[in-house]
Amino acid sequence: MKQKVIVYKKVPAEVLAMLEKDYEVVYFERLDESNQADFLAELKNAHALLGADLPVNEELLNAAPQLKIVSNISVGYDNLDLPAMTERGVMATNTPDVLNDTTADTIFGLLLSAGRRLPELDQYVKTGKWKGSVEEEMFGFDVHHKILGIIGMGGIGGAIAKRAHLGFDMKILYHNRSRNEEAEKKYGAVYCGLDELLAKSDYVCLMTPLTPQTERMIGEREFNLMKPTAIFINGSRGKTIDEQALIHALQQQKIAAAGLDVFEQEPVNPDNPLLGMKNVVTLPHIGSATAETRTAMSRMAAESVIAALEGKCPPRILNEGAYKGS
Ligand code: DGY
């Protein structure tokens, strides 16, 4: 009997075809209340799960006793309970690197938009408010030659540093669990403590993965350390910051503006005060969302499923202890 793969996110036809060659594929373009019961029924004898963001916890694992692999179509894997998966021999994989440039482009777009007030001025033009030459109250902040502080200097952080240094002559400070020698050598990035980075940066860009250690790492104390002209960009996860503290910091003009691709609750609550602030640029968690990159990520995630179901250790395994050999 063929092994069963549940795909729970929309993926290109070519990726489905890769899997359908040798496996039974059950396809849910998205999971919601209407298909929850069907999904749970399929889980009972599923060998692989392919998608993004589904919380894979004890409860799900108990409902999926045949599961061998959960392959995330994302670099982030905060939805996966790795210790519980390892204990049951369920492998976990993600899709690093392939999305670095695309996500860095998004973050740079946010940075430029928040700094130069692009969405606000777009509305100014489109709503007929442009009556004469633009004066000081519409001016933005320079980006070039400013100080960019990057918290979380992994692959995406490095791609942001590259754009900032080579394209915009920015000076780069960074804070990370370990030193990133490539970013230091190629982009002149200077390693420093978090407080120093917050105090000195004109743009603070948060790119760290969400872990128990990074949850709410930026809160009232950290916003108070930033310059009143600082622009805060969050490209990591909503829960890496205290969102209420960000709202207060903006309301009290402790910082100048923010650019956000992620929120504590997603999709964001329409009543969230951040949505009513002109100096906040928002995106619907689209860091890696281009057709090319999402296709490449889906393909990479499917390759991990195939490797695992063939009894191999998938190259991007996150919990090697779960691999039991072929
Ligand atoms: C990622 O790949 O982790 C992006 O944030 C999309 O979820």
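Helices (H or I, at least four residues) and strands (E, at least two) are DSSP runs, numbered from the N terminus. With those labels in hand, here are some close-up views of this predicted model.

**View 1. Two domains make up the protein.** Domain 1 is built from two stretches, 4-98 and 291-322, while domain 2 covers 100-282. Taken over C-alpha atoms, the centres of the two domains are 32 Å apart. Where the domains touch, six residues of domain 1 are in contact with five residues of domain 2.

**View 2. Helix α1 packs against helix α12.** Look here for residues 13-20 (α1) beside residues 291-309 (α12). Angles under 35 degrees count as roughly parallel, so α1 is roughly parallel to α12. On the α1 side, the contact uses E14, V15, M18 and L19. From α12 come T295, S298, R299, A302, E303, V305 and I306. Sorted by class, this contact holds six nonpolar, two polar and three charged residues.

**View 3. Helix α5 meets helix α6.** Helix α5 spans residues 100-116, and helix α6 spans residues 118-126. The pair packs at an angle of about 60 degrees, with 6 Å between the axes. The two helices are therefore oblique to each other. L112, S113 and R116 of α5 make the contact with L118, P119 and L121 of α6. Four of these contact residues are nonpolar, one is polar and one is charged.

**View 4. The second largest pocket draws on α5, α6 and β12.** This pocket holds about 390 Å³ of space. It is lined by 19 residues, and E120, M277, K278, N279 and V280 are the closest to its centre. Helices α5 and α6 and strand β12 (280-282) are the elements that each give two or more residues to the lining. Ten nonpolar, six polar and three charged residues make up that lining.

**View 5. One cavity of 30 Å³ or more is found in the structure.** Rolling a probe the size of a water molecule over the atoms shows where empty space is left. The largest cavity has a volume of about 30 Å³. To find it, follow the lining residues N234, G238, I241, E243, L246, L260, V262, F263, E264 and L274. The lining divides into six nonpolar, two polar and two charged residues.

**View 6. A cis peptide bond joins E266 to P267.** Most residues other than glycine have a negative phi, and most peptide bonds are trans. The bond from E266 to P267 is cis, with omega near -10 degrees. To place this view on the chain, look for P267 in the loop between strands β11 (257-260) and β12.

**View 7. H145 has a positive phi.** Phi of this residue, which is not a glycine, is near 65 degrees. You will find H145 in the loop that runs between helix α6 and strand β6 (147-151).

Note on methods: Residues numbered from 1 in each chain as written. Predicted model: local features only at pLDDT ≥ 70, side-chain atom pairs only at ≥ 80, totals over all residues. Heavy atoms only, no water. 1 Å grid on protein atoms, 1.4 Å probe; cavity = no way out; pocket = protein on both sides within 12 Å on 5 of 7 lines; lining within 4 Å. Points joined across faces, edges and corners; volume = space filled by probe spheres on them. Nonpolar A, V, L, I, M, F, W, Y, C, P; charged D, E, K, R; others polar. Axes fitted to C-alpha atoms, helices over the stretch in contact; angles between N-to-C directions. Parallel < 35°, antiparallel > 145°, perpendicular 65-115°, else oblique. Contact = heavy atoms within 4.5 Å. Domains from an automatic or database assignment.
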